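Subject: Structure handover

Hello,

Here is the structure you asked about. My notes on it follow below.

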Amino acid sequence: MTVVMLLVFSALLVLALPVGYALVISSGLAAVTAGGMPSVAAVVKIFQPTQSFPLLAIPFFMLSGNLMMGGTLGKRLIDFATKLVGRFHGGLGQVTVVGSTVFGGVSGSAVAEASALGSMLIPWQKREGYPPAFAAAATAASSVIAGLIPPSIPLILYAAVSNQSIAALFLAGILPGLMLCGGFMLVCYFSGRLRGFKRLAEGVTWKGVLRATVSAAPALAMPAFIVILLRAGIATPTEVSVLAVFYGLMVSALVYRDLSFKRLYDALVHTAVTTGVVMLVIAASNLVGFVLTVEAVPTAVAEWTVETLKSPWMVILMLNLIMVTVGMFLDLPAAILLLGPTFVAIGNAIGLDLVQLGIMMAVNLSIGLFTPPVGTTLFISAAISRQKVGAVVRELWPFYLVAITVLLLISFVPAFTLY
């Protein structure tokens, strides 16, 4: 069954069929024909994961992000980042990185960040004389920080696959996310200094920074609000996501007073469409998981890996290489759901903490988002900047070095995730 499924899936991807449909068709054919599974049972397997209560957190966190990112708050966040780092070398690039980190605590989605921030910041950098390809590179790389900062949608998906605590994963993702932020800011600083990028001339006082911080405080408080409620056991992840929507509504309606029926409608529609795409992949991946489990593929792969490579650090290195490669071709949600069961079995076999594995997976697959040939944030940023993908990739090499350095640290030094 597994061989049939992989062959059909690969053929459909080559034909450019969307991943969700390719998963449904390939796993359905494998289960019904090769496995002799009744078609009704296959449909039940597809429908089953959509009834998960924890997965309700995904659309609610998406909705809270859409509510908060679509109005005045986005401008306040950019003003905060500009006041904080805009005056330094490569300042506008650093604004992009800081803005992405803060937006990550609101949206939880790298693709949403690349679209929202890129449309604001890439034209601004171009007007200030920054190379368009560099502006696109900074946006493409920094937007993936959303995959680590709570409320991270990839970490919620991994929690569903691995049976790990969402709160523990959210907490573990904060430091690696901040490490990426600091590393990318250094790239922008040295690039600006060596290449003579224009610096913002306006004088910034501590009073101005404090004023911008207070103005952006509702967004800055969102990640802390989520982690505290989860860590203290006050609410479940799904309950926190509903509270986040209520929080977003109150902030937009009462603090910034920019909530309109059109904004609410747009946020609901965008959330519904995005949730539909994610849930299709989740539903199809459950049938894929069933096919793999019936043939004991995760267990067999885990046993073969441990017996062949023997050393745990070699196994971890192999996992990283596989995840980076897969992330270059598959969307992040699909990759997590497909690789998760097998990698969890391997992690258990070598004694790797599954929370650490989840952060490794999120970083690896996030790197794939700004890596060709199918890097989503890379293509979004290149389109906004009107630059060729190759030109953007040439500007990305120092960002790749930072991301791989962070990846190696969290892979081989557990203290960076299990604090």
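I begin with helix H5, residues 72-85. Its buried residues are Leu73, Gly74, Leu77, Ile78, Phe80, Ala81, Thr82 and Val85. Buried means under 20% relative accessible area, exposed means over 50%, and partly exposed is in between (1.4 Å probe, protein chains only). Helices are DSSP runs (H or I, at least four residues), numbered from the N terminus. The cover over the buried residues of H5 includes helix H4 (57-69), helix H6 (91-107), helix H7 (110-127), H10 and helix H11 (206-231). The 14 residues of H5 should span 20 Å at 1.5 Å a residue, and the end C-alpha atoms are 20 Å apart, which agrees. The expected span is 1.5 Å times one less than the number of residues.

Before the rest, two notes on the source. This is a predicted model, in which local features need pLDDT of at least 70 and side-chain atom pairs count only at pLDDT 80 or more, while totals for chains, interfaces and linings use all residues. Residues are numbered from 1 along each chain as its sequence is written, and side-chain values use heavy atoms, with hydrogens and water left out.

Core and buried positions

The largest nonpolar core has 131 residues, and those with the most contacts inside it are Ile58, Phe61, Leu357, Leu396 and Phe399. H10 gives the most to this core, with 12 residues. A nonpolar core here is a set of buried Ala, Val, Leu, Ile, Met, Phe, Trp, Tyr and Cys residues joined through side-chain atoms within 4.5 Å. Leaving out residues up to four places away in sequence, Ile58 touches Ile153, Ile156, Leu157, Val278 and Ile282. Contact means heavy atoms within 4.5 Å.

Gly173 lies in helix H10 (residues 166-195) and counts as buried because its relative accessibility is 0%. Apart from residues up to four places away in sequence, Gly173 touches Leu148, Ile359 and Tyr419.

Gln94, in helix H6, counts as buried at 5% relative accessibility. Beyond its neighbours within four places in sequence, Gln94 is in contact with Val85, Phe88, His89, Met185, Cys188 and Tyr189.

Ala133 is in helix H8 (residues 132-142) and is also buried, at 7% relative accessibility. With residues up to four places away in sequence not counted, Ala133 touches Gln387, Ala391, Val392 and Glu395.

Salt bridges

How many salt bridges does a search of the whole structure find? There are four. A salt bridge is a side-chain nitrogen of Lys or Arg within 4 Å of a carboxyl oxygen of Asp or Glu.

One of them joins the side chains of Arg195 and Glu395 (2.8 Å, N to O). This pair links distant parts of the chain, with Arg195 in helix H10 and Glu395 in helix H19, 200 residues apart. Arg195 is partly exposed, with a relative accessible area of 41%, whereas Glu395 counts as buried at 15%.

Another salt bridge is between Asp266 and Lys262, with the closest N and O atoms 2.9 Å apart. These two are separated by about one helical turn because they are four residues apart in helix H13. Asp266 is partly exposed at 35% relative accessibility, and Lys262 is exposed at 59%.

The side chains of Arg263 and Asp258 also meet in a salt bridge (3.1 Å, N to O). Both Arg263 and Asp258 are buried.

Surface patch

Trp313, Met314, Ile404, Leu408, Leu409, Phe412 and Val413 make a nonpolar surface patch of about 570 Å². Patches are made of residues with over 30% relative accessible area and no salt bridge, with nonpolar side chains (Val, Leu, Ile, Met, Phe, Trp, Tyr) joined within 5 Å and like charges within 9 Å. Accessible areas come from the Shrake-Rupley method with a 1.4 Å probe, and for residues only the protein chains shown count as cover. Helix H15 (312-327) and helix H19 (389-412) each supply at least two residues of the patch, and the largest share, four residues, comes from H19. Trp313, found in helix H15, is partly exposed at 49%.

Backbone in the loops

The peptide bond from Pro150 to Pro151 is cis, with omega near 5 degrees. Pro151 sits in the loop between H8 and helix H9 (153-162).

Asn163, in the loop between H9 and H10, has a positive phi of about 65 degrees although it is not a glycine. Asn163 counts as exposed at 72% relative accessibility.

Regards
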